Amino acid sequence: MTEAPAQDRGMRSRDAILDTASALMSRHGYAATSISMISAACGLPTSSLYWHFGSKEGIYVTVLERARAALLAALPPVEVPGTDVTRRLDAFLEAVKEAFQRHPHGLKLLLGLGMVQQDASAAAVAEVHRYRDALMAWAQGSLSAVFGLCGRPDVSDELARFTLRMASGTAVSRWFDPGAVLETGPLRVALLALVAQHGVPVPGAPAGAPGTGTPAEAQGPAARAVTDRD
């Protein structure tokens with residue numbers, strides 16, 4: 001009779017530790033977050049933290065695994081709905097904005113480890129690589145579906161990398177402005193300009209807009225900036 005309640009208490013304690021560690025590590029980074037800080041913030045003794053996870057590295061790897069699973073589960077399917085490119089692009093960007101807004105710690109944890117990999121274990125670094133690979137594969141597949149890029153993996157790869165860099169920049173800005181959101185308007189313009197640069201037509205885009213096959217000089221400052229970058 002007492003085994004189930006004890007298991008429930010154990011799970012609640014485990015979740016409380018992970019919730020607290022996720023918030024602290026995304027705010028302060030791995031190296032600056034100590035076991036004692038997590039213990040004080042979640043109200044559980046350090047012995048409980050060690051019993052559940054073995055070490056701070058064990059907590060960190062589990063936090064990363066949980067963040068990866070939550071963010072990937074929130075992302076929409078690769079097959080983006082919409083009858084034309086612009087509708088599919090709008091649906092894709094709205095879904096990305098919502099997913100990243102609902103999971104503010106995920107990218108910050110990724111970025112924090114990327115900047116201080118020497119302070120993390122090999123297991124944590126490997127988990128981040130799995131996280132990045134999964135996000136990249138999803139972004140490549142989604143943008144390929146949005147723009148009809150079957151047979152153009154080079155273009156879908158470039159668009160995916162650009163999108164994830166924009167998302168990463170938003171995550172960085174959240175250290176200074178917690179209310180920062182992914183700016184999908186400029187991202188939309190940039191993605192259309194990039195596909196135009198590669199000669200990919202965008203049916204349904206207004207005449208003269210990025211992606212319609214017009215020269216970059218006629219597409220406005222944002223499109224020229226992307227073109228001039230390369």
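## Salt bridges in a predicted model

Arg68, Glu127 and Arg130 are joined in a network of salt bridges. The structure is a predicted model. Side chains of opposite charge can pair when their charged atoms come close. Across the whole structure, a search finds seven salt bridges. Here are three pairs, including one from the network.

| Pair | N to O distance |
|---|---|
| Asp19 and Arg66 | 2.6 Å |
| Arg68 and Glu127 | 2.4 Å |
| Asp84 and Arg87 | 2.5 Å |

Arg68 and Glu127 meet through their side chains, 2.4 Å from N to O. Arg68 sits in helix α4, and Glu127 sits in helix α7 (residues 122-147), so this pair ties together parts 59 residues apart in sequence. How accessible are the two partners? Glu127 has 0% relative accessibility and counts as buried. Arg68 has a relative accessible area of 23%, so it is partly exposed. The cut-off for buried is under 20%.

**From helix α1 to helix α4.** Asp19 forms a salt bridge with Arg66, and their closest N and O atoms are 2.6 Å apart. This pair links distant parts of the chain. Asp19 belongs to helix α1 (residues 3-28), Arg66 belongs to helix α4 (residues 56-74), and 47 residues separate them. Asp19 is partly exposed, at 44% relative accessible area. Arg66 is partly exposed too, at 32%.

**Asp84 and Arg87.** The side chains of Asp84 and Arg87 also meet in a salt bridge. Is Asp84 buried or exposed? Its relative accessibility is 17%, so Asp84 counts as buried.

Key:
Residues are numbered from 1 along each chain as its sequence is written. This is a predicted model: local features need pLDDT of at least 70, side-chain atom pairs count only at pLDDT 80 or more; totals for chains, interfaces and linings use all residues. Side-chain values use heavy atoms; hydrogens and water are left out. A salt bridge is a side-chain nitrogen of Lys or Arg within 4 Å of a carboxyl oxygen of Asp or Glu. Helices (H or I, at least four residues) and strands (E, at least two) are DSSP runs, numbered from the N terminus. Buried means under 20% relative accessible area, exposed over 50%, partly exposed in between (1.4 Å probe, protein chains only).
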